[in-house]
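Please open the structure in a viewer and keep a selection tool at hand.

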Amino acid sequence: MQLFYDPQIVPPEHTLAEEESHHCVRVLRLGAGDMVHVTDGRGNIYRCRITEPDRRRCRIEVVETQSGAGRLPYGLTMAVAPTKNTERFDWFMEKATEVGIDEIIPLESEHSERRTLKNERAMKVIVAAVKQSLKAYCPLLRQMTPFGRLIAEPFDGIKLIAHCDETHPVPRRPLRSAVKPAERVLILTGPEGDFSRAEIDAAVEAGFVPVTLGERRLRTETAAVAAAVTVAMLNEPEDE
């Protein structure tokens, strides 16, 4: 199945955006009468027929709608400090989208090596992953958010902070034992230099539970993907 992304689609007829029109008509060489699938990123997948195969304004007609396709049985928000190497953070966003995530928050912390993020470019990475993995839901990408502001925000679910400070007085729990199936989860993952002691203290005071991803030393983006995969696996149905 070839999946296109257009958050503006409204049945019964629609014109694809120029980039998607070009890919549909010029790259895939689809023509009038051919069927395509389009997602709005909000849980709907539309089966459509091409009516006017224009490379800039391809017209389509919705013939079938599938709602709630691939809805996650849990909620996951990951707040991750962007890595100095842009491609490494791209890799995290791509893999987290494939695994399943609701929201990505670029996090600005004390030891952050990168304090800006081009959201338009980052969304292209996420959308590409949505289409490649045939997702009906597109993760929300927030603007860069300072650590102190984020931990002060209300969150209806369990709040976790993954850090590497083995000497902190509040012991860390294994992530797999801190999360239960069907929960809404917010996980903070720090930069290459980890969170500062002051940040960990502030997070604990704000109700965050310290967690560990194991004894292995992981890069920032690897730790974030490992956390997303762990939550996803905890929500997999048990074999009969």
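In which loop is the place of Leu134? Select Leu134 in this predicted model: the residue is in the loop between α3 and β8 (140-141).

**Stop 1: backbone exceptions**

Most residues other than glycine have a negative phi, and most peptide bonds are trans. Leu134, although not a glycine, has a positive phi of about 55°. With a relative accessible area of 39%, Leu134 is partly exposed.

Select Asp194 next, in the loop between β12 and α6 (197-205). Asp194 is also not a glycine, and its phi is positive, near 70°. Asp194 counts as buried, at 14% relative accessibility.

Now go to the peptide bond that joins Pro11 and Pro12, which is cis, with omega about 10°. Pro12 is found in the loop between β1 (3-5) and β2 (13-15).

**Stop 2: the whole chain**

Zoom out and colour by secondary structure, which comes to seven helices and 13 strands. The C-alpha trace spans about 65 × 45 × 30 Å along its principal axes. Of the 240 residues of the protein, 46% count as buried. Among contacts between residues at least 6 apart in sequence, 74% join residues at least 24 apart.

**Stop 3: helices α2 and α3**

Select residues 86-99, helix α2, together with residues 119-132, helix α3. These helices pack at an angle of about 35°, and their axes are 8 Å apart. Their crossing is right-handed. On the α2 side, display Thr86, Asp90, Met93, Glu94, Thr97 and Glu98, which make the contact with Arg121, Ala122, Val125, Ile126, Ala129 and Val130 of α3. By class, the residues of this contact divide into six nonpolar, two polar and four charged.

**Stop 4: the nonpolar cores**

In soluble globular proteins, nonpolar side chains tend to be buried together. The largest nonpolar core here has 35 residues. Within it, select Leu76, Met78, Phe92, Met93, Leu160 and Ile187, which touch the most other members. The elements that each supply at least two residues of this core are β6 (75-80), α2, α3, β10 (158-162), α5 (175-178), β12 (184-189) and α7 (220-234). Helix α7 gives the most, with six residues.

Which residues is Ile187 in contact with, leaving aside its neighbours within four places in sequence? They are Leu76, Thr77, Met78, Ala79, Leu160, Leu175, Ala227 and Val231.

**Stop 5**

Select Glu103, in strand β7 (residues 103-108). Is Glu103 buried or exposed? Glu103 counts as buried because its relative accessibility is 16%, and the cut-off for buried is under 20%. Beyond its neighbours within four places in sequence, Glu103 is in contact with Leu76, Thr77, Met78, Leu140 and Arg142. For a distance check, pick the C-alpha atoms of Glu103 and Thr222: these residues are 119 residues apart along the chain, and the atoms are separated by 17 Å.

Move to Asp165, in the loop between β10 and β11 (173-174). Asp165 has a relative accessible area of 17% and is therefore buried. Leaving aside neighbours within four places in sequence, the contacts of Asp165 are with Arg172, Asp194, Arg197 and Ile200. The list includes Asp194, the residue with the positive phi near 70° seen at the opening stop.

**Stop 6: cysteines**

A disulfide is a covalent bond between the sulfur atoms of two cysteines. How many disulfides does a search of the whole structure find? The search finds zero.

A disulfide requires the sulfur atoms to be within 2.5 Å. Cys24 counts as buried, at 0% relative accessibility.

Finish at Cys48, whose closest cysteine sulfur is also in Cys58, at 9.7 Å, which is too far for a bond. The relative accessible area of Cys48 is 0%, so Cys48 is buried.

Key
Residues are numbered from 1 along each chain as its sequence is written. This is a predicted model: local features need pLDDT of at least 70, side-chain atom pairs count only at pLDDT 80 or more; totals for chains, interfaces and linings use all residues. Side-chain values use heavy atoms; hydrogens and water are left out. Axes are lines fitted to C-alpha atoms, for helices over the stretch in contact, and angles run from 0 to 180 degrees between N-to-C directions. Helices (H or I, at least four residues) and strands (E, at least two) are DSSP runs, numbered from the N terminus. A crossing is left-handed if the near helix is turned anticlockwise from the far one by less than a right angle, and right-handed if clockwise. Contact means heavy atoms within 4.5 Å. Ala, Val, Leu, Ile, Met, Phe, Trp, Tyr, Cys and Pro count as nonpolar, Asp, Glu, Lys and Arg as charged, and the others, Gly among them, as polar. A nonpolar core is a set of buried Ala, Val, Leu, Ile, Met, Phe, Trp, Tyr and Cys residues joined through side-chain atoms within 4.5 Å. Buried means under 20% relative accessible area, exposed over 50%, partly exposed in between (1.4 Å probe, protein chains only).
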